[in-house]
Amino acid sequence: MGAVSIQGLPPADLPEVAFAGRSNVGKSSLINAVTGRKDLARASTAPGRTRELNFFVADERLRLVDLPGYGFAKVSRSAANKFQNLGRSYLRGRPNLKRAYLLIDSRHGLKDVDREAMDAFDTAAVSYQVVLTKADKLRSAREVEAVKADTLAKVAKRPAAFPRVIATSAEKGDGVAQLRAEILAACELAGG
């Protein structure tokens, strides 16, 4: 289901994890990979397509939430602010939110706009974990490990940051099983 306002949210009766990141970071593709459903979340090559909070129920045990992307989007500033403010309001007031996953394109690393998102998570006291996307686009496993280590060093002193970084590839499946395990652990659910 999609929600365009806080009043339209589903009841807070299941644990939730949220996916946040810049426009075109691969949120929808990663949600599809995590759920094993190719077309569950709509992926687009045009930035800023997610303009509402999209909720996906997994096995009637938890919800995955696709937040509107931040950064570049082909909409007016007022429209972009509207759907980004919706995401911020959700993060501040959702009692069943167990963790947010901040997606970062592994080829580009943390940008200033990502630091602003981390500031918002820290201020709202929302536990978040950095997930590197598109790791298959890097040249080698050594380069992936270097980006992970650099990213972890940059978030280590942030109060709400979870102290582990995951490198993933929605296209190749790398890191997806680890991310699933992290989601289940964050929601205090047994595997399976």
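Guide: A residue is called buried under 20% relative accessible area, exposed over 50%, and partly exposed in between, with a 1.4 Å probe and protein chains only. This is a predicted model, in which local features need pLDDT of at least 70 and side-chain atom pairs count only at pLDDT 80 or more, while totals for chains, interfaces and linings use all residues. Residues are numbered from 1 along each chain as its sequence is written, and side-chain values use heavy atoms, with hydrogens and water left out.

Visitor: Why is Glu60 called exposed?
Guide: The relative accessibility of Glu60 is 65%, and the cut-off for exposed is over 50%, so Glu60 counts as exposed. Glu60 sits in the loop between strand S3 (53–58) and S4. Its C-alpha is 8.1 Å from that of Leu14, although 46 residues separate the two in sequence.

Visitor: What makes Ser169 buried?
Guide: Its relative accessible area is 0%, and buried means under 20%. Ser169 is found in the loop between S7 and H5. Leaving out residues up to four places away in sequence, Ser169 touches Ala135, Asp136, Asp174 and Val176; contact means heavy atoms within 4.5 Å.

Visitor: What counts as a helix or a strand, and how many of each are there?
Guide: Both are DSSP runs numbered from the N terminus: helices are H or I with at least four residues, and strands are E with at least two. The protein has 5 helices and 7 strands, in the order β-β-α-β-β-α-β-α-β-α-β-α along the sequence.

Visitor: Which residues of helix H5 are buried?
Guide: In H5, residues 176–186, they are Val176, Leu179, Glu182, Ile183, Leu184 and Ala186. The buried residues of H5 pack against helix H1 (27–35) and several strands, including S2 (16–21) and S4 (62–66). After H5 comes Glu188, with a positive phi near 55 degrees.

Visitor: What makes a group of residues a nonpolar core?
Guide: The members must be buried Ala, Val, Leu, Ile, Met, Phe, Trp, Tyr or Cys residues, joined through side-chain atoms within 4.5 Å. The largest such core has 32 residues, and Leu53, Leu67, Tyr90, Leu102, Phe121 and Tyr128 have the most contacts inside it. Strand S5 gives the most to this core, with 4 residues. Apart from this core lies another, of 20 residues, among them Leu30, Ala33, Phe56 and Leu179.

Visitor: Why are Phe55 and Tyr90 called an edge-to-face pair?
Guide: Rings of Phe, Tyr and Trp (its six-membered ring) pair if their centres lie within 6.5 Å; planes under 30 degrees apart count as stacked, over 60 as edge-to-face and the rest as tilted. For Phe55 and Tyr90 the centres are 6.1 Å apart and the planes stand at 75 degrees, so the pair is edge-to-face. Phe55 belongs to strand S3 and Tyr90 to helix H2, so the pair ties together parts that are 35 residues apart in sequence. Phe55 has a relative accessible area of 4% and is buried; Tyr90, at 1%, is buried too.

Visitor: How do you know that Arg99 lies over the face of Phe162?
Guide: A charge sits over a ring if NZ of Lys or CZ of Arg is within 6 Å of the ring centre and within 35 degrees of the ring normal. Arg99 lies over the face of Phe162, at 3.8 Å from the ring centre.
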